[in-house]
Amino acid sequence: MWAEIAEQISQATKEKFSVEHRQPLGGGSINQAVCLIDRDRKFFVKTNAAAKVAMFEAEAIGLQQMYDTQTIRIPRPICWGVAGNSAYIAMEWIAFGGQQDWDLLARKLAAMHRITSTQGFGWQQQNTIGSTPQINTWTSDWVAFWLEHRLGYQLQLAKRRGFSCRIPDRQIFDAVPPLFENYQPQPSMVHGDLWGGNVAFAQGEPVIFDPALYFGDREVDLAMTELFGGFPSQFYQSYDRAFPLDAGYKQRKTLYNLYHILNHFNLFGGGYGQQASQTIEQICR
Ligand code: ADP
């Protein structure tokens, strides 16, 4: 498998690459990650079962689109496909470490969020959030998109997995439109899975990776940064200076994070079900 991947990397980069050393890496939640090394080049490679090749294809296309905006550093995708019994994605290796410039991260993220789609909310293809399918059917109305393809989709999956909540679906859905009474988001390019584990710094320069890219309300990215502990306060101050947030963000933040909490329940089960119920009650209060 590794020789096959090396051959694909050689073709894609038009320079002979052969694996001299293979360094397994920890840290990923979904895939196996490895650094492939020859005498003077390194590549970051993730592998999974062959059936997951569409997931890596969507990741590679998403990375390339974000890379092409030239707004924030993104690992450049090299190639993806099936090698042996595994699906893989290979991308530029970035040496993480050094100082953390949260102000610069905020300004660069804001610049990416200023990129908008003319096709509405969604994306050109489905991708995944964790390993859960993420539906991106182009939709002109953001609230309709959110209700059907984000909240509704995860809620349905959760019910199939045994999630129950004392508040009926109808009441949950009815609580959403009032949050958008005086607010019309733009379809911004969003990372889609922007928790702390998908942000790093390379000699001070912020890097974001492992996206679940689509065009949506930029508040979804800000909301997710706050879900597991939050980023340093400097990040939020700098973002708000670079691209001011609407006053209703704080209310919508809970709604946007419900998507990720339900997804965590769908991926990992356990206490996330209770957290989802509590979040639903908060939204419907
Ligand atoms: P998963 O899809 O399994 O969640 P990630 O894409 O988050 O995996 O990558 C796993 C880990 O590998 C990250 O936490 C990060 O530390 C490291 N990593 C990700 N991309 C690169 C890269 N391009 N170069 C070097 N290390 C990377």
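Which strands does helix α2 lie across, and at about what angle does it run to β4? Helix α2, made of residues 53–68, lies across β4 and β5, and its run makes about 170° with β4. Keep in mind that this is a predicted model.

**The whole chain**

Let's step back for a moment. The protein chain holds nine helices and eleven strands. Its radius of gyration is 20 Å, close to the 19 Å that the globule rule gives for 285 residues, so the chain is as compact as a globular protein of that length. Of the 285 residues, 38% count as buried. Among contacts with a separation of 6 or more, 68% come from residues 24 or more positions apart.

β4 and β5 belong to an open sheet of five strands, ordered β1-β2-β3-β5-β4, with antiparallel pairing. The edges are β1 (21–25) and β4 (77–83); each has a single partner strand, so one side of each is left without a neighbour in the sheet. From one strand to the next, the twist averages 25°. Strands β3 and β5 run antiparallel and are joined by seven bridges; if you want to find one of them, look for Asn-48, whose bridge partner in β5 is Ala-87.

Helix α1 packs on this sheet as well, touching β1, β2 (32–37), β3, β4 and β5.

| Helix | Residues | Angle to β4 |
|---|---|---|
| α1 | 2–13 | about 145° |
| α2 | 53–68 | about 170° |

**Where α6 meets α8**

Now for a helix pair. The axes of α6 (residues 219–227) and α8 come within 8 Å and cross at roughly 75°. An angle of 65 to 115 degrees counts as roughly perpendicular, and α6 and α8 are therefore roughly perpendicular to each other. On the α6 side the contact includes Leu-222, Met-224 and Leu-227, and on the α8 side it includes Tyr-249, Arg-252 and His-260. By type, the residues of this contact split into seven nonpolar, two polar and four charged.

**Thr-254, a residue of α8**

Is Thr-254 buried or partly exposed? This residue sits in helix α8, which covers residues 249–268. Thr-254 has 16 C-beta neighbours inside 10 Å, so it counts as partly exposed. Leaving aside residues up to four places away in sequence, Thr-254 touches Thr-279, Gln-282 and Ile-283. Met-91 is another matter: its C-alpha atom is separated from that of Thr-254 by 34 Å, and the two residues are 163 apart along the chain.

Note on methods:
Residues numbered from 1 in each chain as written. Predicted model: local features only at pLDDT ≥ 70, side-chain atom pairs only at ≥ 80, totals over all residues. Helix = DSSP H or I, 4+ residues; strand = E, 2+ residues; numbered from the N terminus. Rg over C-alpha atoms; globule rule 2.2 N^0.38 Å. Buried ≥ 20, exposed ≤ 12 C-beta atoms within 10 Å, placed from the backbone. Contact = placed C-beta atoms within 7 Å. Axes fitted to C-alpha atoms, helices over the stretch in contact; angles between N-to-C directions. Parallel < 35°, antiparallel > 145°, perpendicular 65-115°, else oblique. Nonpolar A, V, L, I, M, F, W, Y, C, P; charged D, E, K, R; others polar. Pairing = 2+ DSSP bridges.
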